[in-house]
Amino acid sequence: MKKTLIGLLALSLVFSCKNAEEKDKNTEEEKTQEVNVYTHRHYESDQELFKQFEEESGITVNVINANADELIQKMSMEGEQSPADVLITVDAGRLERAKSGGLLQAVSSKTLEETIPSHLKDADNHWFGLTKRARVIAYAKDRVDESELSTYEDLASEKWKNKLLIRSSGNIYNQSLMASIMVHNGEEEAKKWAEAIVENMARAPKGNDRDQVKAVVAGEGDLAVVNTYYIGKLLNSEDPEEVKAGESIKLFFPNQDGRGTHINVSGAGVAKYAPNKENAIKFIEFLISEKAQKVFAHSNYEYPINEAVAPAALLQEWGEFKEDTLNLSKLGENNKKAVMLFDEAGWK
Amino acid sequence: MKQAGNNSDIFSIKARLRRLKRDTNRWSIFTLAIVLFITLPVIAIAVKLLEGPGETWWHLVDNLLVDYIGNSFFLIFACSLLVLITGVGTAWLVARFEFPFRKQLEWLLILPLAIPSYIVAYAYAGVFDYGGSLDLIFRFLNLEFIRIDIMNKYGLAYVLSISLFPYVYVSSRAFFLNQAGNLLEASTMLGVGEFKSFFRLMLPLARPAIIAGLILVLMEVLNDYGAAQYFGVNTFTTGIFRAWFSLEEPETAVYLSALLIFIVFALILIEKWQRKSVQVSGNRASRYIHRKTGTRLMQNLKFLLVLIPVILGFFIPVAQLGYWAFLTAEQVFDFNFIQLSLQSFGIAFITSLVTVLFATLLIYFAKWSNTSGIKSISKFGVLGYAIPGAVVAIGIMIPTLAFDKWFIVTMDSLFGIKTGFLFNGTLVALVYAYSVRFMAVAHNPIESTALKVSNSIPDSSKMLGVGNFKTFFKIEFPLIKTGILSAMILVFIDVLKELPLTLILKPFHINTLAVKAFEYASDEMVMEAAIPSLFIIFTATIPVIFLNKLLIKD
């Protein structure tokens with residue numbers, strides 16, 4: 001027992017050191033090209049893409065995975081000496097926060113500017129969208145008729161009392177939705193809306209987006225507000241029960257007759273003090289290339305930002321939809337106010 | 001009269017100076033140095049308090065604070081109750097009685113700790129969910145109308161208790177195994193019944209050990225984030241995250257953290273004050289309890305009783321994770337996991353050595369300083385555990401980054417050498433952070449066994465001219481070994497599953513199993529997180545079995 005343990009220990013130390021050494025080597029040989037990525041995206045597909053980029057460009061990708069909030073905090077504390085080159089988040093709000101905190105820099109890249117629609121990137125080119133997701137309504141096929149649904153605003157109407165499922169206000173996707181409603185309808189109306197939504201909730205908010213769908217299927221409520229790609233994942237889950245849940249609901253894209261459905265992006269920006277700025281730009285350009293966008297679209301059920309790439313077959317089945325073209329920077333600017341309105345409305 | 005008063009004033013100043021001079025021995029200085037080193041991050045955060053709360057503070061007070069306080073106190077109360085019953089009950093049963101599979105159960109009872117509590121929360125939600133395991137069983141039995149909702153504050157209290165009770169189990173068992181033998185023998189000889197001697201004798205004696213474990217549980221309960229957030233229960237810690245990140249006001253978050261620390265401090269003080277009223281005399285009885293066997297029926301009954309928390313805290317979550325792992329194995333499993341396990345193992349092992357070393361030094365330096373003020377100050381060393389890991393990480397970065405930046409500038413201006421960070425982004429900063437965070441986990445079990453060692457033997461040894469260190473190694477160390485081993489097990493497991501701090505401070509090329517599990521779980525890929533979680537449990541099992549053997553042999 002003792003011997004095995006000591007053996008294991010020795011082995012584990014060797015492994016921890018080996019990696020540390022590799023890092024040293026990288027810093028010693030200045031010629032080694034690298035790019036340091038702080039990312040909030042934790043998908044397998046991303047790792048494959050990073051590997052592909054390494055093979056094609058010969059630039060090593062070093063990754064720190066954490067929540068965007070913490071990454072932003074880390075970057076701002078590291079200041080001028082920060083090793084970060086690229087910041088990737090899963091929503092535009094946080095990119096905007098990084099920008100206003102002086103953590104990103106403007107980048108001039110024809111490829112980026114031409115490929116990405118203007119409302120999905122920062123006006124000053126501090127950050128760029130990588131993939132799109134829409135926040136939509138999932139409804140029980142057997143209990144709700146599509147004609148009853150229309151807009152986000154309509155979710156506040158009395159007919160949905162005790163029928164609505166939506167997660168907590170701590171979630172950034174809800175915060176962004178709220179911010180968009182604030183921008184379009186004004187603070188006063190937005191607060192009233194939030195209060196009415198709280199009244200309509202089938203249960204106190206809890207769980208994640210997938211759980212809201214499962215609760216609809218379990219009959220706790222009739223409608224759930226969710227991001228599109230979670231439905232894609234539900235339908236392709238390894239758990240047959242989840243697939244069944246995904247199959248018993250239908251999606252509705254709200255506000256089609258008006259401003260369009262609320263969307264958000266996962267996006268990237270180049271760090272203000274990036275030690276490898278050129279590599280960082282190459283890296284982001286690679287991520288919006290057709291090849292990379294195909295991977296995003298097919299493995300993760302996100303809408304590609306590069307219009308030359310078609311969405312996954314499943315997403316095509318849901319049909320095309322009109323998207324809200326509000327510049328996503330607005331979501332970041334109004335995020336804090338949105339959270340405070342949530343609190344005042346008693347949205348947990 | 002007047003003159004006399006003046007005189008006495010002068011006297012008292014002189015007396016104070018004299019006392020200060022007497023107390024300024026090298027042990028007090030060493031103690032202060034260690035405390036300073038460990039609390040540096042906490043101090044760095046506390047300095048922010050001076051900046052005043054952010055403008056959202058009153059918004060928070062008006063809208064949310066009542067909810068935070070209510071939920072947090074509910075959790076403190078409910079978890080204390082559940083954890084005490086389970087932890088002390090099982091510890092007593094395995095220490096006092098013989099029954100089938102007792103040896104295996106002894107270490108199985110530690111293992112619930114090896115599963116991160118947010119993963120336990122996910123697993124339980126997976127059991128009780130629509131389409132979950134229980135639902136499938138009910139459907140099979142045509143009982144599908146039954147649905148139990150576990151995602152609320154009661155469910156949260158249950159999940160946290162069932163995954164954290166081993167803290168109480170480990171510390172109270174160490175006491176029962178090591179200290180209770182003689183007294184119990186005496187009380188049985190005097191004809192005191194089993195129940196009476198447990199409640200009237202053992203419980204009061206074991207109190208410091210039990211409370212030491214309980215405080216660890218409560219600190220962990222108070223700063224749980226993942227499980228509370230998933231179950232939709234707003235606590236102080238979810239509030240800290242909300243203030244810091246959603247409301248973009250670190251200052252307000254620091255105020256909330258300060259309130260949290262205040263609560264923990266109040267708990268520690270209450271315990272201290274209570275302990276004083278029950279002075280336990282130094283008893284170094286090292287004789288083992290002679291285990292009672294009893295009838296076959298009673299043996300089986302005890303077996304079942306001890307088995308329940310093992311099933312609830314370990315087998316049910318592991319079974320659910322195992323099912324998910326089976327479903328996702330094809331996509332997720334990868335031989336890198338073995339390398340990842342070894343890395344996690346190495347980091348956890350180094351950290352547990354470092355932390356236990358610091359904790360022991362802290363306790364004994366304070367003791368040797370022989371100064372009550374220093375002894376109280378040494379208690380500040382455990383504060384890191386009361387603060388959420390993410391906040392500790394920030395606290396670590398404040399001083400280390402200041403040093404690193406100074407270092408870069410100096411090297412550049414003096415020698416023209418371009419360097420990177422010396423500490424940040426290296427294992428050193430990570431291990432330092434872990435030690436700060438888990439000092440309490442190491443400190444409490446060691447201290448509660450150290451308290452039990454009577455001063456008379458080391459004192460006489462010192463009177464004979466033997467130095468502090470030699471006395472420690474010859475006499476005290478063998479007596480507190482159980483405490484040290486328990487501390488090592490606990491720190492090891494805690495490091496293995498630690499998350500927010502690791503995410504922020506880890507070097508680029510080092511990864512841990514907990515980070516891997518989080519990468520999946522954070523994006524609603526709970527099923528995919530099962531395989532790395534099982535690896536965490538497996539990696540934790542090895543030292544638990546091994547150290548437990550040492551603990552018993554001792």
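This is a predicted model: local features need pLDDT of at least 70, side-chain atom pairs count only at pLDDT 80 or more; totals for chains, interfaces and linings use all residues.
Residues are numbered from 1 along each chain as its sequence is written, with chains lettered from A and ligands numbered from 1 in the order in which they are written.

**View 1. Crossing of α18 and α19 in chain B.** The axes of α18 (residues 389–415) and α19 (residues 427–450) come within 10 Å and cross at roughly 125°. Residues in contact (C-beta atoms, placed from the backbone, within 7 Å) include B:I396 of α18(B) and B:Y432 of α19(B). This contact comprises 7 nonpolar, 2 polar and 1 charged residues; Ala, Val, Leu, Ile, Met, Phe, Trp, Tyr, Cys and Pro count as nonpolar, Asp, Glu, Lys and Arg as charged, and the others as polar.

**View 2. Helix α6 of chain A.** Residues 172–185 form this helix of 14 residues, which reaches 20 Å from its first C-alpha to its last. Because 10 of the 14 residues are buried, α6(A) is largely enclosed by the rest of the structure. A residue is buried if 20 or more other C-beta atoms lie within 10 Å of its own; among those in α6(A) are A:Y173 and A:M178. A:G186 follows α6(A) and has a positive phi, near 90°.

Terms used:
Helices (H or I, at least four residues) and strands (E, at least two) are DSSP runs, numbered from the N terminus. The expected span of a helix is 1.5 Å times one less than its number of residues. A residue is buried if 20 or more other C-beta atoms lie within 10 Å of its own, exposed if 12 or fewer, and partly exposed in between; C-beta atoms are placed from the backbone. Axes are lines fitted to C-alpha atoms, for helices over the stretch in contact, and angles run from 0 to 180 degrees between N-to-C directions. Two residues are in contact if their C-beta atoms, placed from the backbone, lie within 7 Å.
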